[in-house]
Amino acid sequence: MIIVRNLSKSFGSITALKEVSLEIRKGEFYGLLGPNGAGKTTFINILSSVVSADSGSIFVDGEEMDMHTTEIKKKIGVVPQEIALYEDLSAHDNLLFWGKNYGIPAAELKQNVEQLLHITSLENRKNDKVAHFSGGMKRRLNLACALVHKPDIVFMDEPTVGIDPQSRNKIYDILQNLQKEGITTIYTTHYMEEAEKLCNRIGIIDHGQIIAEGTLQQLRKMDQSTESISIQFEKLMGEQKKELVEVFGETTIVNGDTCVISTYQLDLKLAEIISKIDRIGLNITNIDFKKKSLETLFLNLTGKKLRE
Amino acid sequence: MINIAIKDLKIFLTDKKAVLLSFLLPIGLISLFAVAFGGAFKNDTQRPTDLMLADEDSTASSIALRQKLDSMKGLNIIPVNKDEGITRVESGKSKGVLVISKGFGKAVSSNVNPPLHLYYDPAREMEIGILQQALIPTLMEYVNIESAKQAVKRDISKNFQLNEEIMAGIYAKVEEFFASREGSSASKSMDILELTPVIKNKKASWGLIQAVAGVAVMMILFSVAAIGSSVLEEKESGTLKRLLITPVKRHGILLGKLLVALILSTIQLIIMFVFTWLVFGLNILIDIPSLLVMIFSTAFACSGFGVLLAAISQSRKQVESLSVIIILVMSALGGSMVPLFIMPAFMQKIAIFSVNYWSINGFYDIYWRELPFNEVFLNAFVLIGIGLVLTIISSLLFKRNVLKVS
Ligand SMILES: Nc1ncnc2c1ncn2[C@@H]1O[C@H](COP(=O)(O)OP(=O)(O)OP(=O)(O)O)[C@@H](O)[C@H]1O
Ligand SMILES: [Mg+2]
């Protein structure tokens, strides 16, 4: 559906994007994960034809996109990173204005506006000036304005920054619904949990380059670090503790009645671990997995933390 | 308290441009106004002014007077006939016409008050006043000396029978004598020159027209500048970027702003004129079509100016300071603040590059000179032209300056 080839962009001496190539399939929810200054916004800006690339090409539905293709523009909705609304207009009027720019028939537009006000829970504040809205309400409206013309493709640039968990969950609900409707989405974020929760496929971007790409599982596999399982026993005697370390190796940590076992490819070795414990003759009361997160992958790939 | 003052001073000093502006701008404006208005109150010699002269007498005396006036520094005599001259004054093309009526030569030789008329445009009273001050001593001197000379000559020729040659010699000596007396003019009486204002109706005062037209244009410029700056506000708030994402055409954004400026300034102008009509009695009903055309063309030219301001600026702050400077200068030069006619001639020539000039001139044409629609339309035509040119320049610059968002 969207094919990006060798996209590059520099601002003076700063290289914001370097030979970025991507393919996004129809209905896919693609996450672009990267720290501040990675080039996410630049990428979205180029895709939404606001900024022109230095080189490279973009195809949407097989058609090459340039700055003036109105037909392609009509299929796309963009949620900008900054809140871009008319503060002196009401929520309703903002939605109406943005919808009108897409030339949607009045009756249909009216329906879309009401629906979006409902979805974003802004119905009872729809006639209030946006200036009086809370940060979370503005974020939701900012999102709604990108959907008012019912686009097939949505680009979202960090649509949840700076809002409370409640508003954030509200937005997740909306996004998951979009996903069900089969809308193709590119979603940038620097929140790991978001990417893990929402996206089918994730690209990790740093210094303008995609340094890793794949589904969550694929990315996890790329992570060479170990995973661990934390097992709580009924009662651990001194002998048994020694035995556990002997069986599971030096990295095993025993603390009170709890034992943390670290290993590569935990998923494959889990059965083996359980049977070994069984052989020692211990009773398990609780098990906790410490899965690998994108955080550690990111750390491994770039040598730095995502949020720094 | 002191801490706040120090902080604000620090912030102020960080903006080098603003610092420079706040000190240089007043100096620049003072100089500009000094040049614009200063010349008007100094002696007139630096500033040749045109005066139409209709000589209906055509005697040796009237011709001599004409030569004398012509030789005056700073006065440029344009010969016309009386009717033509008065028509030109009526239509605002000239400030006045000096008419030497029939019988001037005779009156001079018989030492009675000679028939000298100045028909003038009362809208340019101040200018005429200055002209009068320069003119009257010369006229007085000429008439007095000429009368005396003629009297002496008459007496000599009456009382002595002399041959032509001797007579000519004596006349030459008389001339020489009187020539040496020039400059020491005798008693001054202002009533040597009869002043007749040329106006059709006496209802509208030019001061009122100046007030409404001058203020109207300046205020409209300020309000369109605000609309222009809203483009940059949109740029700063991110809505411009969002607009660029939509299928809206890029020039559509600029034209949208132009349209809103046009609509609002048209309404503002209508309100201003209706107010002046209701409260100060400016009879706007005498020519509604001309008024509407002038209002619309003024609004259009101003709107073009508004979008140009937006297009040449990088930020809202810049538009705001830039617009104040440009509007003040343009309004001063274009005759919004002070009537144009008291400015030096070269300043008046510069004025034609301002929106204010054509607009104010148009309103004078309607209410003061009461010109027909086609003549008023000339101003409107120029204004629409200015508006078009500004819009085209703006849309070119707009793409370069404003639409660069990231
Ligand atoms: N208009 C511009 N002029 C100069 N440099 C720019 C411009 N826009 C972006 N950059 C630079 O390009 C790089 C990528 O910026 P971009 O905004 O795309 O990052 P981002 O991933 O969106 O970051 P964030 O998470 O902070 O939003 C940065 O180094 C930034 O400073
Ligand atoms: Mg960004």
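Student: How much area is buried between chain A and chain B?
Tutor: The size of an interface is often given as the accessible area lost when the parts come together. Here about 1800 Å² is buried between chain A and chain B, and carbon and sulfur atoms give 60% of that. Buried area is the accessible area (1.4 Å probe) that two parts lose on being put together, summed over both. On the chain A side, A:V50, A:K73 and A:W98 supply 28% of the area buried against chain B, more than any other three residues. Keep in mind that this is a predicted model, where local features need pLDDT of at least 70, side-chain atom pairs count only at pLDDT 80 or more, and totals for chains, interfaces and linings use all residues. Residues are numbered from 1 along each chain as its sequence is written.

Student: How many residues does the contact take from each chain?
Tutor: Contact means heavy atoms within 4.5 Å. Chain A brings 26 residues and chain B brings 16 residues.

Student: Which residues form a salt bridge?
Tutor: The term means a side-chain nitrogen of Lys or Arg within 4 Å of a carboxyl oxygen of Asp or Glu. The rule finds 1 salt bridge across this interface. B:K241 pairs with A:E82 in a salt bridge, with the closest N and O atoms 3.7 Å apart.

Student: Is A:L178 buried or exposed?
Tutor: Buried means under 20% relative accessible area, exposed over 50%, partly exposed in between (1.4 Å probe, protein chains only). A:L178 counts as buried because its relative accessibility is 8%. Leaving aside neighbours within four places in sequence, A:L178 is in contact with A:L147, A:M156 and A:I183.

Terms used
Chains lettered and ligands numbered in written order. Heavy atoms only, no water.
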